[in-house]
Amino acid sequence: MDTHFDLQAKSLTYQPFGTKTPILSDVSYIFEEGHMTALLGPNGSGKTTMLRHFLAQIKSPGGAVLIGEKDSASFPPKERSRMLSWVPQNSSGDSAFTVEDVVLMARYPYKGTWENDSQEDIRIAEEAMRTVSVIDFRNRDFGSLSGGERQRVLIARALAQTTPWILLDEPTSNLDVKHQLEIMELMKKRVDEHGLSVIVVMHDFNMVEKFCDRAVLLSGGRVVARGTVGEVLVPQILRDVYEVDFDIMEKDGKRMFFPKSLK
Amino acid sequence: MLLLLVIVVVWAAAVGSVSVPFSQSARIVLAKLPFVDAEEMLEGIPKANKLIIWNIRLPRVLLAGLVGGGLAAAGVVMQALFRNPLADPQVLGISSGAAFGAAVAIAFGITFTVSGISSIWLFAFAGAMLTMVLVFYVARIATSRSVTGILLAGIACSSMLTAAITLMMMWNREKLEQIYLWMLGSFSSASWVKVGFMSIVLLGALLCFILLGRDLDLLSFGDQEAQSMGVSVKRTRTIAVLSTSLLVAAAVSVSGIIGFVSLIIPHIMRMLCGPKNRRLIPLSLLGGAIFMILCDMISRTAVPPNEIAVGAITQVTGAPFFLYLLWKERRKGERD
């Protein structure tokens with residue numbers, strides 16, 4: 001299968017039954033392959049809802065999400081999960097499965113019904129666990145891990161799914177500084193060297209500035225800014241959307257963002 | 001474990017109001033196998049013993065095993081599907097449906113037997129199947145077939161049916177005892193026809209369960225995560241609920257309502273062999289079979305010539321053991 005394709009949102013409008021205001025209204029954006037795109041916006045601006053459209057968890061009447069040329073919802077689940085993997089904000093799994101079991105689950109879309117995990121599957125899972133340094137507790141129960149450890153296991157699982165696209169929903173929210181950098185650097189490296197494509201939902205502008213090369217900013221279910229990170233992370237835009245004034249300093253060619261005061 | 005099951009089957013067949021030596025029981029069973037010289041095997045065994053073992057005890061023991069195993073396997077699937085350790089096939093309302101069917105047959109005196117199939121059994125199975133259809137229908141129109149929807153529809157239908165059974169029992173007081181005894185569960189009406197019927201259903205359901213084993217593993221992370229890893233969530237859920245329902249309907253219709261097996265055996269097996277459904281389902285099946293055969297044996301032999309309802313035995317023996325396991329698990333948790 002062709003591993004080079006864009007993800008395209010076409011006029012997504014989503015309003016859950018019985019609610020007054022739509023979560024997304026007429027959102028269109030093309031996530032280009034080969035980039036790490038930051039999906040930004042205040043709480044409740046529709047970031048996660050947008051990701052869920054790509055995963056075909058929800059459908060938008062009148063809108064469409066395209067994987068390459070085809071509607072995401074038209075793919076059989078196994079085929080779609082060989083193209084997109086997803087790291088949720090927090091996992092509902094509170095289970096007795098071991099870390100290794102959980103990571104191996106990512107190999108499901110490559111298996112026939114009666115097939116068992118092959119040596120190759122185990123090798124891929126081990127490599128993924130090593131990459132995010134969870135290999136040391138591969139035999140521990142997933143349910144017994146701390147929030148940050150779980151988050152890294154979920155990232156290992158997404159890596160083991162070996163997809164051309166990874167959708168990360170606040171992947172570093174539970175991580176300490178070292179692991180935040182480790183994960184983001186890993187993703188950046190995969191994007192630059194292996195042609196991986198990433199969408200990452202984030203709140204930390206310094207991280208976005210350091211690692212992402214594209215950004216799209218949602219507010220109230222609409223796209224209010226898009227382009228390179230330099231074009232989107234502008235004091236005036238941030239002030240309008242987040243209602244916070246930022247001080248911006250420059251060091252080594254990268255900008256640093258300090259929240260100064262409420263508008 | 002399979003070996004243990006075979007030993008338990010032969011042993012349970014040997015034990016009863018007429019005691020037959022274990023060796024004779026084993027030889028009678030072996031004689032029926034292909035490639036075994038039956039004449040030689042059965043030499044010196046009284047004809048009465050042969051009759052007791054083959055025609056009375058063995059079908060009963062096997063039926064107990066099939067029902068116990070079936071209920072335990074169904075329990076594993078329910079717990080995985082509802083992501084709830086307390087989920088039980090009974091919440092789907094199927095047991096109440098079967099009881100309702102049986103109660104109708106008993107209360108209105110519809111009793112006939114065609115080639116070993118009694119009317120009560122037929123009515124119980126029909127009741128269970130109709131309830132299953134009803135639950136699905138209600139769940140679909142009311143709640144678009146979510147997991148909770150099925151659960152709520154099951155509970156609603158179940159309590160309506162229980163109310164109907166109570167009314168029937170009130171209006172037919174002379175049949176009250178018979179209906180009540182049926183509901184408590186017993187294998188005393190076992191026959192080879194029932195064994196055959198139960199085996200076929202169990203085999204079919206088991207095939208579905210093993211097929212879905214891996215999907216059920218992934219579903220423990222919730223519908224959305226499972227889907228993102230490639231599981232067809234709706235399809236998996238539909239197949240799982242249908243096959244479990246059918247299995248439970250069959251089990252309840254031949255034996256009455258026997259609680260606790262479907263809840264406790266999966267838990268015990270999970271503690272012993274881990275959460276992977278592909279392994280857990282077959283092991284729970286074996287464990288449930290052994291457990292049920294032993295319980296039925298106690299129910300036959302504890303206070304001869306009367307029988308204790310097997311449902312009562314499963315609860316009495318199961319509950320303390322379950323508490324012990326929970327206590328042990330907690331101790332382990334504190335040590336870690």
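Visitor: Which side chain does B:K276 meet in a salt bridge?

Guide: This is a predicted model, where local features need pLDDT of at least 70, side-chain atom pairs count only at pLDDT 80 or more, and totals for chains, interfaces and linings use all residues; side-chain values use heavy atoms, with hydrogens and water left out. Residues are numbered from 1 along each chain as its sequence is written, while chains are lettered from A and ligands numbered from 1 in the order in which they are written. A salt bridge is a side-chain nitrogen of Lys or Arg within 4 Å of a carboxyl oxygen of Asp or Glu. At 3.2 Å, N to O, the partner of B:K276 is A:D101.

Visitor: And which helix of chain A does A:D101 sit in?

Guide: This pair crosses between chains, and B:K276 lies in the loop between α12 (261-273) and α13 (277-301) of chain B. Helices are DSSP runs (H or I, at least four residues) and strands are too (E, at least two), numbered from the N terminus.

Visitor: How many salt bridges does the rule find across the interface of chain A and chain B?

Guide: Side chains of opposite charge can pair when their charged atoms come close. A search of the whole structure gives 18 salt bridges over all chains. One pair is A:D117 with B:R214, at 3.3 Å from N to O. Across the interface of chain A and chain B, the count is 3.

Visitor: Which element gives the largest share of the side of chain A that touches chain B?

Guide: Between chain A and chain B there are 10 residue pairs in polar contact, both at pLDDT 80 or more; such a contact is a pair of N or O atoms within 3.5 Å, one able to donate a hydrogen and the other to accept it, and residues adjacent in sequence count only if both atoms are side-chain atoms. On chain A's side, α2 (77-80), β6 (84-87), α3 (99-104) and α5 (147-160) each supply at least two residues. With 3 residues, the largest share comes from α2(A).

Visitor: Which three residues supply 28% of the area that chain A buries against chain B?

Guide: Buried area is the accessible area (1.4 Å probe) that two parts lose on being put together, summed over both. Here that comes to about 2,300 Å², with carbon and sulfur atoms giving 57%. More than any other three residues, the suppliers on chain A are A:F97, A:Y108 and A:W114.
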